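Visitor: I have a structure open and would like to go through it with you. Can we start with how you sort residues, and then move on?

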Amino acid sequence: MNIIDSHIHARLNDNPSIESILDFSQHCHIDRLVILGDVLAFGFFPSPDQIKQINNHSIDLIKRYPGRLYGFCFLSPEHPPVFIDEEIKRCKKAGLIGIKLEASVNCRDDRLTSLMQTASGLNLPVLHHSWYKTEKINPAESDPADIAYLAARFPDVTIIMAHLTAVGIRGVFDIQKLKNVYVDTSGAQPFSGAIEFAVDYLGADRILYGSDAHYRDFTAQLGRIYGAKITDADKEKILYSNAKRILLPD
Amino acid sequence: MKIVDVNVSIGNWPFQRFPYYDLQALSTALDAEGVSLAVVTAVEAILNSDPCYNQNLHKQCQNDRKFVFLPVVDPSMPGWEERLSAFLPGLRGVKIFPNYHTFALGSSQIRDLILFLKALTLPLIIQMRVDDERNQHPHMRVAGVAVEDITQLANLYPDQVIVCLNAYIQEVEQLLQNSENIYADISFCEHMDTLGTLNKTLAAERLLFGSHTPFLYTRSATMKLNLSRISKEMRQKIAWKNAEDIFRLEEL
């Protein structure tokens with residue numbers, strides 16, 4: 001079975017090295033990987049120069065490993081719209097295929113407006129960090145209800161809500177009716193039942209396999225898909241065909 | 001390859017729906033994942049001090065060679081020694097949840113429990129957490145057991161084997177580096193090629209296969225083991241040999 005990992009990170013300091021990540025991913029039969037950038041390399045609030053540094057790293061990696069690595073443009077909505085707009089266009093021209101947002105600004109904030117309009121205009125998917133945390137360390141961090149709010153504002157933008165296990169049952173219900181929102185399977189330990197629940201309430205067509213490697217192990221993260229009590233056809237959608245359709249169309 | 005899973009539970013947990021709730025279904029599921037033998041604990045004993053949960057599971061395991069019964073003990077609860085003694089002979093260890101049962105690892109109750117275990121040459125199993133602290137119910141927040149507290153206990157009783165379950169990878173590294181009588185399971189450990197990474201700095205002699213089934217997908221642990229880049233010898237030690245030594249399973 002072909003596998004696309006739609007959520008990995010490669011560090012600026014190359015530790016672990018990209019070669020070791022690619023090597024181990026191949027060992028786990030993962031064909032293609034989407035790198036989202038070293039998004040926490042400079043903390044929650046990177047400067048524009050730091051954003052460029054992270055994106056240049058991603059661009060360099062996808063050029064070194066064409067056909068194996070794909071990348072997203074990392075942004076912080078706290079930066080001026082002019083910078084964001086230019087950075088999106090620069091990254092798209094360089095081959096990046098989507099936008100990654102982390103936790104510098106809550107996604108209900110108006111500062112996301114121009115960014116989302118640009119994403120819409122360029123037909124770029126947006127992958128947004130999300131988590132229902134018992135205690136938020138960073139008050140700007142978005143939860144699934146925030147993602148749902150954003151998705152309702154921009155129904156023509158494909159949004160991938162990160163971290164299925166971490167958003168839980170409530171998170172699945174938050175986005176259930178918003179057909180432009182997908183969820184990736186990354187986040188936390190591989191708690192049982194999460195995949196089955198998401199398949200039941202969202203459908204397998206809206207779930208993408210993501211590992212969150214290098215923080216996580218491809219093996220354990222694949223185990224939650226292979227070990228789930230769902231059909232082989234649904235596993236294939238989650239591991240490959242959904243990401244192929246949404247992120248890597250021919 | 002034979003796999004002994006040292007971290008399996010059965011029962012109800014109010015915060016998660018499990019795929020199976022009886023020992024027969026659990027046995028079938030573990031067979032399908034290649035687990036030959038499982039050290040099993042009653043989930044309800046974490047939150048409910050009624051001894052019936054240990055007693056019922058003990059009774060069920062006596063008729064099933066797939067499972068090794070592991071009682072949960074709260075040493076702050078009067079009469080624990082008498083209740084534990086009812087499981088002799090055949091007792092293979094004792095599991096504690098210090099942070100759920102709110103006793104300190106430096107307490108006199110722990111000293112008494114360790115004396116009990118030492119007399120029988122049995123391991124003390126410390127479950128450091130049940131779930132991810134970031135996702136706990138807001139009114140049911142329980143922190144993980146501190147590495148420092150376990151290290152202190154282990155160094156106070158260097159002849160006592162202590163097995164730590166559900167430690168994060170950084171915690172495993174600290175625990176195993178700090179004390180030679182501490183062992184750890186792999187259920188909560190994660191990094192790129194988890195076991196290959198751990199094997200660079202730690203001896204696999206003190207790692208054990210544990211899946212934290214049914215809380216986690218068993219397959220995540222078996223894939224972690226089977227796809228890791230470690231030698232066959234190391235893999236066997238983690239998969240079953242270390243567990244066999246610690247729990248004296250060859251006597252079964």
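Guide: Ala, Val, Leu, Ile, Met, Phe, Trp, Tyr, Cys and Pro count as nonpolar, Asp, Glu, Lys and Arg as charged, and the others, Gly among them, as polar. One more thing to know at the start is that this is a predicted model.

Visitor: OK. How do the residues in the lining of the second largest cavity divide?

Guide: That lining has 5 nonpolar residues, 3 polar and 1 charged. The residues are B:Ser9, B:Thr41, B:Ala42, B:Val43, B:Ile46, B:Lys95, B:Phe97, B:Gln127 and B:Phe215. The volume of this second largest cavity is about 30 Å³.

Visitor: And how many cavities of 30 Å³ or more does the structure hold?

Guide: It holds 2 of them.

Visitor: Which residues line the largest cavity?

Guide: Chain A gives A:Pro190 and A:Ala220 to the lining, and from chain B come B:Ser187, B:Ser211, B:Leu216, B:Tyr217, B:Ser220, B:Ala221 and B:Lys224. By kind, the lining residues divide into 5 nonpolar, 3 polar and 1 charged.

Visitor: Which helix gives the most to that lining?

Guide: Helix 8 of chain B, residues 218-226, with 3 residues.

Visitor: Switching to the contact of the two chains. How many residues does it take from each chain?

Guide: 38 residues come from chain A and 32 residues from chain B. Between them the chains bury about 2900 Å², with 55% of it on carbon and sulfur atoms. On the chain A side, A:Thr134, A:Phe191 and A:Ser192 supply 23% of the area buried against chain B, more than any other three residues.

Visitor: Now the sheet in chain B. Is the pairing of its strands parallel or antiparallel?

Guide: Parallel: 3 strands form an open sheet in the order 1-2-3.

Visitor: Why is one side of strand 1 and of strand 3 left without a neighbour?

Guide: Strand 1 (4-10) and strand 3 (67-69) of chain B stand at the edges and have a single partner strand each, so one side of each has no neighbour in the sheet. Neighbouring strands of this sheet are turned by 35 degrees against each other on average, direction ignored.

Visitor: Over how many bridges do strand 2 and strand 3 of chain B pair?

Guide: Strand 2, residues 37-42, pairs with strand 3 over 3 bridges. In strand 3, B:Phe69 stands opposite B:Val40.

Visitor: Last one: what does helix 1 of chain B lie across?

Guide: Helix 1 (residues 23-32) lies across strand 1, strand 2 and strand 3 of chain B, and runs at about 145 degrees to strand 1 of chain B.

Notes. Residues are numbered from 1 along each chain as its sequence is written. Chains are lettered from A and ligands numbered from 1 in the order in which they are written. This is a predicted model: local features need pLDDT of at least 70, side-chain atom pairs count only at pLDDT 80 or more; totals for chains, interfaces and linings use all residues. Side-chain values use heavy atoms; hydrogens and water are left out. Two strands pair if DSSP finds at least two bridges between them. Helices (H or I, at least four residues) and strands (E, at least two) are DSSP runs, numbered from the N terminus. Axes are lines fitted to C-alpha atoms, for helices over the stretch in contact, and angles run from 0 to 180 degrees between N-to-C directions. Contact means heavy atoms within 4.5 Å. On a 1 Å grid over the protein atoms alone, a cavity is a set of points where a 1.4 Å probe fits but cannot get out, and a pocket is an open set with protein on both sides within 12 Å along at least five of seven lines; lining residues have an atom within 4 Å of a point. Grid points are joined across faces, edges and corners, and a volume is the space filled by probe spheres set on the points. Buried area is the accessible area (1.4 Å probe) that two parts lose on being put together, summed over both.
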